Structure formats: structure tokens, C-alpha cells
2 protein chains.
Amino acid sequence: MSTMLLSHAGILTFENGDWKYIPEGYLGINGDTIDYVGEEIPKNTYDTEKNMSGKLLMPGLINCHSHAPMVLLRGVGSDLALQDWLFNKVFPIEDKLTPSIMKAGYELAVLEMLASGTTSFTDMYMLPEIACEVVGAAGMRCNVARIMQEFVPGTSYEANGRGAEQAALFDKYNNTFDGRVRIDYSIHAEYTSQPELNAQYAKECKERGACMHLHLSETKKEHQECIDKYGKTPAEWFNDLGVFDNPTLAAHCVWVSDSDLEILKEKGVTPVHNPTSNMKLGSGFAPIQKMLDMGINTALGTDGAASNNNVNMFEEMHIASIIHNGYTGDPEIMKAGTVLKMATLNGAKAQQRFDIGNLQKGMKADVIAIDLEQPHLFPNLDAAALVVYAAQGSDVCMTMVNGKILYENGVYLTMDKERIMASAKDAVSELYN
Amino acid sequence: MSTMLLSHAGILTFENGDWKYIPEGYLGINGDTIDYVGEEIPKNTYDTEKNMSGKLLMPGLINCHSHAPMVLLRGVGSDLALQDWLFNKVFPIEDKLTPSIMKAGYELAVLEMLASGTTSFTDMYMLPEIACEVVGAAGMRCNVARIMQEFVPGTSYEANGRGAEQAALFDKYNNTFDGRVRIDYSIHAEYTSQPELNAQYAKECKERGACMHLHLSETKKEHQECIDKYGKTPAEWFNDLGVFDNPTLAAHCVWVSDSDLEILKEKGVTPVHNPTSNMKLGSGFAPIQKMLDMGINTALGTDGAASNNNVNMFEEMHIASIIHNGYTGDPEIMKAGTVLKMATLNGAKAQQRFDIGNLQKGMKADVIAIDLEQPHLFPNLDAAALVVYAAQGSDVCMTMVNGKILYENGVYLTMDKERIMASAKDAVSELYN
């Protein structure tokens, strides 16, 4: 296996419960794994040395809730009310999605994510095989899920059909591409699913040891309507069906109650905060501070680009770090380091990937570099604050996954940007003309 | 005078009360002035033609509230409560500011602003002569003001001394550098000033036809304490002193009452919204929707980088466009076009510069270009939404002021980035060591 030393770099790493910044350090990589992080020159020799002077190395960002191909719906029906936007704009376009359009969408999203420092993501959408192939070929990491929905009460598990599809998908793709691609189970949400099917799906998820990914109490309306219909909150309802007996990522959690939070904590569910989407769609402020105070693992996601309008985790970190201060009137609530952990280590835990999310010896080499030699990143008095409050996604000058550089200084090493942009143009012509 | 045609560009311009997007158009420049905007090739001939295919042209952004040299305090005391941050971190560092440090600060800020598409700003800080010289030499536009403060009641106007200094500053620098540099008057805030001095200062501001720039009701505490002390809100207090008889920029206006808003409307005061700072410091949500509904001219600003932590107006637009939806639960409250107007035309009006803020024949050529050929800016279904929700400051590939290109593709045409970065390093060493 080839070895590489990233030398003379600033290194931001999580150690002993907090972020530590090494102003000038060394990060050694053996194959796909970090074998050294420190201030001293390592004793090992490396095949190649890459001088990273003026750069800050940090763990790759983990986007725990996305619908990647929706980058093709970027800007659709902006500024409309939720229902109008969803039913009159988004759904009619989604009806026109074909495999070739979907491939263009997944590829366009991966280009954007790599350029803005995301190294792993958890996605739920359609045609998951395409996601697996695109992510696999790109060298990125993803937990892929096909959404299960069922609008007709009483539909049998067989008639719904998702269970069998999902089993086949799992058998074919789980833990493929050196483990970079994993298969999650996904139930869209309470209001788009049926209890018996969810119970069965959750059971099969558990048999396979997969993660579960769903939307939970995103809007006040859906939260209240569930209580009206079932006499339970969505969290109680899912929990009673055994869904949370799996490692679960619950996107949004804006309207969860205090007792819901107790359930999430007890079951080890990860709420995934999507601040841009929650703000833009007017969904509200998730009780992040309560989650953090309770020690609930809380992660970050972009949601789909149709409601964001990008998949840039730097913006997500920034917005997450400030809005809760504004909402509560307390500037000490969300600290930069807390948000950075949500976007890295907490995300890794949510994905059940315990070997990413930090820069430590023995972990997979998912590393991004930020070009510090720019006016807006000087001075670097507090590296975590610089990354969260001052940096932009475009400040990422290198993105590495599993020890392999995928993106550097605007150039993609594993993807053909020109071909993909051309495919995306064709896809957009098909969708909107 | 030399003439230039920007050809084959997307052009975003405000016409007949709304933003209009020309997918492929032409923008002609004669000296410092736009002489053509349209879809057709103009009949005039131009000395040079610059092919801007794949780029979007839009008006330069106008930052209506900044303390530019505070870029040197970027990241100081992040995540602290306001009073602790201000009194124990910011003020002791500001005490160490020297002319050479201030020059480095102004220059560093101008580098950052130009690279992220700001062409004009309204600043209040210290050593304003340095601001004038830096901005003048850089080719940028700025309304400069030295802050007046007075903590000791009964101090005479002469003993405070700011009036005479300001008169000399005005005489020397107002309307210099081809009118790019103007001198504003500035009273820091109600809680840091004395009524008699403010009345006199306002009178002298009016005699000179200058703008007034102040902080207004940023925090609940300052708003309430003014009522307790004077029996008036800060807006009532300033108005009764004649301060609003000048074209006034009132930064923050988070806690203004409904009757305060009536005063601002009647007096033509421009509230300047600083969403990042208001969120980060936990100040709260300014009643922007009420302001807009009442037809009050409302602009945007970054505030100082110590509470932001940058001077990037793209982030300001983005955050302004989403947080009010989240706060009110109404996704239709802040539309992309409204926010874009706040950052351009409304800012121009606040600065009393009626020849910038839009791309129209006869206006000064303050133009920025966005590089659309990037994955995160595709598709461009709605240009205003793309700029506000999806773009980053770094997507600016050209910044032009008064018909002169100041920044293009990472290169500064009028400023020596290396020298300035070296000066900034020296300044930071002095400040923090």
C-alpha cells in the first residue's frame, strides 16, 4: 500500500472531549488509514510527502440527510408556501425523473459535495442502485436508501413491494466499494406510511443490522395530525412499531416534545438538524440545545437542494451555529466546536461508521484541506470558529476519502466534470422543457 | 474615455419594480458609466469587448453597516456572552490599535469585500482618514464616518472635540476620489452619547448635507434602559434631538416598537439589517417584514467581523432570506428578490448614492460577475434565487467599480495582496503578542 505524508499543515482534531489545533503538524497515511497525527515529524518514512503549508486539515464533513438528485430541482418554486411548492412544483417534476436524469443528478450532487468538503453522506431518494454506482465510482462514502412510502391503508407488504426490492439492494450493494457504500432502510415519514408495513420493514432492517433513516416531526402540522390520528406523537408511533430498535437517523425533529426527546435518547436515535431547510420552508427551530444537553447524538444535514438551495455543509454549520443564539437570546448556546462535532464525529456515529469523523491514528483517511491564505480567513485566532463562522465551502482546496484525493484546487480526480455538467444540462432540458 | 462591452453575459437587473434576468445580454460601459444594457448587440462600438459567457452580471453589493478594521479581531472571544466579549476581549484589543495596524485592517477588509462582490460600503470606526486613503487608492466606494461617543454627561462640544475633527475630515475628504469617498456623520448609539452633543452634531451634519450613521435598539437591554432613563425609546430620543432630520442609517433596529417604525418611515430613516451579527450575538430578529410592509427603505450590512466573522454580503443575503421565514413560520415572507434589493438599490438609497445599485443605462458601472459554470450554481432556473440561496461570495469572479475592474479571478488589480497580508500578519503580532 502506498503511503503519504501531509506535512507543515494546520491540523484540527478532536481529542479528550474538545477540538485541538496544531498550528503546524504532520498527518501520515498508510493506504486508506491515518497512521500518524502530530506536531513532530514522524519517524516512519512515506512514499510521498505533500507540503500543505498554509492549509488547515480537518475531518471530512458528513451530511446526514440529503436527497442528492434534487440538485436538479435547485430553485424550483423558490419563495412559495410549502404545500404549493411541494405539490404543484416539486412532485410534477419528480414524476419526470428517468434513470439517466437521476444519474446526472447524483453525479452533479457528488461534484458539489466534494468541492465543499463533504466526504460521506446519508441519502434517501429513488433509484438507489444509481446512487451506489455513482458514489462507488467517485470514491466517496454514502449510506444509501430507497424511500419506502405507502399512502393506501391495508396495502400488503408484498403489494407495496419495497421490502423485496430493499432486500435485493442490500444483498447487492451493502458494504461494497471497500465498505464506502452501505445500504440503509428508509421510511419516508409517519404521514406517508402505514404502521404494519413499517413494523415489518423495521424488523427486516434489524435482521440486516442496517441503519434506519426517516423524517420526524418536521412541521407542526404533521406532528399534530399524527397525535390527532393515532393519539401518539410521530416519535411515540415509530417507537411503538419497533422502528427505533434500529440505529436511526431522524431528520428535522423540529416539533418533537420533551417526552419524545426521552425516547430518542433511550433508543439512541440521532436527530439530524437541517437548519437551512427548516428556516427557508418556515418549519421552525429544532430544540437542538435540549438535545445536546441531554447527550443525544445530534448530526447535521442539508436536506435536498430544492429547499436549501445547495448541498454545502459549511453553510449548514454556519447557520446552525448562529440561529439558535438568535432564537433564544443566548450567544453561548451553540459553540463553534459543538457544531463542528455535529458535522463530523456525530455524523459518523449516526452512520454507524466509527472509523471516520476525526483525524486520529487508526481512522480512515477522510481529510479535507482549507486554504487559509485568503483575506477572509485571517487571522486564525480560533480554528474551530474560523471554520464554522468565517469559511465558505469553496475554501476547501482538497478532499480526500479513504486515503485517496478526489478533488484538489478545482480539479476532480475521479470524475469527469465536463461530461457530468453536459449530462446535467440535458437532464434539465428534459425536466423543464 | 475608454469604452468596454461586456458581452454574452447573463444580466440581472431591476426594472419596473422587479428583477429581470436576461439569459444572454450585453452591458456597455463608457468611462465610469453604463451606457447600454440589453439583449441585442448594441449599435455603439466599444474599444474592448470582454466575453462574459457563462457569467452572471449583477449590481455590486452595498454593505451599509461595517466596522472594517475589525477583520483583525475575527474570531476574538467567539462564543462568549455579549458583555464579556465586548468589555473583556474586544475593548482591550481596540486600545492597542495604531495607525499602521488600522491601515492593515482597512486594507484587509477591502481585499475581502472586493473578492466577495461588495463595491460600496458605509463604515463607522476610528482613524477615518486612513479609511478614505485606503478606499480611494483601491478604487472602491465608501461612506466613511468617525464614531462620536461621549460617556461623561455635561461634557462640552469643544471638550468632546469630535465636531471640529469631523468638520476638518469633511472638508478634506467629502466627495473625493471621483466622488467614491464621502464623509458621513456618526453617533455610536444612545447609550454611549449625550443629548446636547448629539443635537449639535446633527445640526452640523445637516448643514453639510451628510448622512448620519448610528446604532439603534440593537439589544433589548439598551432599548429598555433608554426608556427607563429618558422615558423615550432610542428612536424617539434621537428624533427629538433632530438627529433624524438627516438621511440616517440606523443599524440593527431589532427592538424598535411599532411607533418607532412610524418615526423611521416619516423621517426616511433606513434600518440596516445585520442578520449574522444579530443571530450570533443573540440580539434577536429585527421586524423586517413590518418595515418592508410599511415601505421603509431597509438595507443590509455585515457589522464588524468580530461578531460575524466576515464581511461577506452573500452570507448576509442568504441568512436574511431564510431566518425570518423560520421565525414567523411563513416561507413566503422574505423573497430572494426582496433581499437582493436590500443589498443593492436600498443600500444605494441609504448612502444617498442614486447612481449605483442597479445595472441601467446612465448609472455608474459598479458591476460584479458570478461564475455560473460550477456544479452548485446549476441549474439557473431563477437567477435571483440562485444568487441569494445557492451562491457563495467566492463565486464572484469579477468586481468592477466606476467602470474599472478591481478584482478578477483571484487577482487584485489595484491592491498588493501580498504586501497587505504581510502587514496584517505584523498587525496581528502586535495586537495579540
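**Talking through the two-chain model**

The C-alpha centres of domain 1 of chain A and domain 2 of chain A lie 28 Å apart.

Modeller: That's from a predicted model, mind you. The assignment for chain A gives domain 1 as 3-60 + 358-412 and domain 2 as 61-350.

Colleague: How many residues does the contact take from domain 1 and domain 2 of chain A?

Modeller: It takes 25 residues from domain 1 of chain A and 28 residues from domain 2 of chain A. A pair counts as a contact if the C-beta atoms lie within 7 Å.

Colleague: Which elements give two or more residues to the domain 1 side in chain A?

Modeller: Strand S2 (18-30), helix H15 (383-390), strand S16 (396-401) and S17, all of chain A. H15(A) gives the most, with 5 residues.

Colleague: And by class, what does that side of domain 1 of chain A have?

Modeller: 15 nonpolar, 7 polar and 3 charged residues.

Colleague: Over to helix H3 of chain A. Which of its residues are buried?

Modeller: In H3(A), residues 128-138, the buried ones are A:Pro128, A:Ile130, A:Ala131, A:Cys132, A:Val134, A:Val135 and A:Ala138.

Colleague: What covers the buried residues of H3(A)?

Modeller: The cover includes helix H2 (99-115), strand S7 (118-125), strand S8 (141-148), helix H5 (162-173), strand S9 (181-183) and strand S17 (404-408) of chain A. After H3(A) comes A:Gly139, with a positive phi near 90°.

Colleague: Now chain B. What makes S10 and S14 the edge strands of the sheet?

Modeller: The sheet is open, with 5 strands in the order S10-S11-S12-S13-S14 (chain B) and parallel pairing. Strand S10 (185-187) and strand S14 (299-300) of chain B each pair on one side only, and that's what makes them edges.

Colleague: How do you know that S13 and S14 of chain B pair?

Modeller: 2 bridges join strand S13 (residues 270-273) of chain B to S14(B). Pairing needs at least two bridges, so this pair qualifies. Within it, B:His273 stands opposite B:Leu300 in S14(B).

Colleague: Where does helix H6 of chain B pack?

Modeller: H6(B), residues 195-208, packs on the sheet, touching S10 and strand S11 (212-216) of chain B. The direction of H6(B) makes about 165° with that of S10(B).

Colleague: Last one: why call the relation of the two copies a two-fold rotation axis?

Modeller: Superposing chain A on chain B takes a rotation of 180° with 0.0 Å of shift along its axis, at RMSD 0.0 Å. The copies are therefore related as by a two-fold rotation axis. The same surface serves both, too: 100% of the contact residues of chain A recur in chain B.

Key: Residues numbered from 1 in each chain as written. Chains lettered and ligands numbered in written order. Predicted model: local features only at pLDDT ≥ 70, side-chain atom pairs only at ≥ 80, totals over all residues. Helix = DSSP H or I, 4+ residues; strand = E, 2+ residues; numbered from the N terminus. Contact = placed C-beta atoms within 7 Å. Axes fitted to C-alpha atoms, helices over the stretch in contact; angles between N-to-C directions. Least-squares fit on C-alpha atoms with pLDDT ≥ 70 in both. Buried ≥ 20, exposed ≤ 12 C-beta atoms within 10 Å, placed from the backbone. Domains from an automatic or database assignment. Nonpolar A, V, L, I, M, F, W, Y, C, P; charged D, E, K, R; others polar.
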